[in-house]
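Please read this briefing alongside the sequence and the structure. The notes are grouped by topic.

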Amino acid sequence: MLPSTTEILFVIGAGVDVVGVTFECDYPPEACSRRIVSTSALPSNLSAAEIDTAVSAALARGEDLYHLDRDALADLDPDVVVTQELCAVCAVDVSVVDDALAFLGCRAKVVTIDPHTLAEVDESILRLGEVTGRRASSRALVSSIQQRMTQVADRVKARPRPRVAVLEWTDPPFAPGHWIPEMVSLAGGDPVIGAAGAASRQISWDDVKAAQPDVVVIAACGYDRQGTTALAHDLASRGVLPPAVRVVAVDANARPGTGLVDGIEELADFLHGRRTRLWPSAKATGAPTRAAIDDALIQQD
């Protein structure tokens, strides 16, 4: 029931046992061949503001944001169902899964994965290894991830730490929580909004400006790099970002799994490496054209 755990299961060698996935489980590509058991209840092609409004209204009414295909669950007759209760916005809630299994009379073991920190992401990998009999490969994966994180931290530890504001949503702006502030710190930045291990929370543009960031990272949850780049252009044209701040758009399919270390390495490159992928905000320079911004995104030092 989670794209992150789908990725983990395939990496530790349990992909052959995965029989059902969500509509968002697109990595590795082989996952797309599995039967889809949950889909979004939201209309497609909504703007960031429209998504926020629709999600808030649905939650206020007590409605689910995902459709769970009970027929698919019954046909697959799984031994294990992996789900979450971290965020009702992110995936099917464990209570919905429990109700569906009870209705179907299915005795599948429900494994709930709810990491709030990078350490808990590692623990979830080990737990999935335990459940699927892939203990050795799960331990090897965690060891590799930890090694790579240590290497990044060592590479940037003597460098100046820019003040970094990550926006987990843009309309309205949300400060990040969970593992994202930790990622910024490991990448050599100083996370100036959001708290590690806590939930993300809505803030104002005045809050963003008051934080005095050197860099703003546009990481709207669920958007790929093309989508966050479009959002960054919109913010630049609206002039809501702090004056003279630098902006980077990233792939924000922020799945708490094997890809987080890739994000830390990439962010370290953005902040300290040769790739800039940063551009001044419109308020500092006048609204740049899309072509000019795209050129700056791939500019080399």
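Buried means under 20% relative accessible area, exposed over 50%, and partly exposed in between, with a 1.4 Å probe and protein chains only. Helices (H or I, at least four residues) and strands (E, at least two) are DSSP runs, numbered from the N terminus. This is a predicted model, in which local features need pLDDT of at least 70 and side-chain atom pairs count only at pLDDT 80 or more, while totals for chains, interfaces and linings use all residues. Residues are numbered from 1 along each chain as its sequence is written, and side-chain values use heavy atoms, with hydrogens and water left out.

**Confidence**

- The pLDDT is the predictor's confidence in each residue, from 0 to 100.
- The protein chain has a mean pLDDT of 82, with 80% of its residues at 70 or more.
- The pLDDT is below 50 over residues 275-301, a stretch with 59 contacts (heavy atoms within 4.5 Å) beyond near neighbours in sequence.
- Where pLDDT is low, the predicted coordinates should not be read in detail.

**Helix 6**

- The buried residues of helix 6 are Ser138, Leu141, Val142, Ile145, Met149, Val152 and Val156.
- They lie on the same side of helix 6, because they cover an arc of only 95 degrees around the axis, taken from the directions from the helix axis to the C-beta atoms.
- An α-helix has 3.6 residues a turn, so residues three or four places apart point the same way.
- Exposed residues on the other side of helix 6 are Ala136, Arg139, Gln147 and Gln151.
- The buried residues pack against helix 1 (3-11), helix 5 (118-132), helix 7 (180-186) and helix 10 (260-272).

- Thr5 lies in helix 1 and counts as buried, at 2% relative accessibility.
- Leaving aside neighbours within four places in sequence, Thr5 contacts Val82, Ile113 and Leu128.
- Tyr27 is in the loop between strand 1 (20-22) and strand 2 (35-40), and its 47% relative accessibility makes it partly exposed.
- Not counting residues up to four places away in sequence, Tyr27 touches Thr6, Glu7 and Arg255.

**Aromatic pair**

- Rings of Phe, Tyr and Trp (its six-membered ring) pair if their centres lie within 6.5 Å; planes under 30 degrees apart count as stacked, over 60 as edge-to-face and the rest as tilted.
- The whole structure holds one aromatic pair.
- Trp169 and Tyr223 form this edge-to-face pair, at 5.7 Å centre to centre and 70 degrees between the planes.
- Trp169 is buried at 11% relative accessible area, and Tyr223 is buried at 17%.
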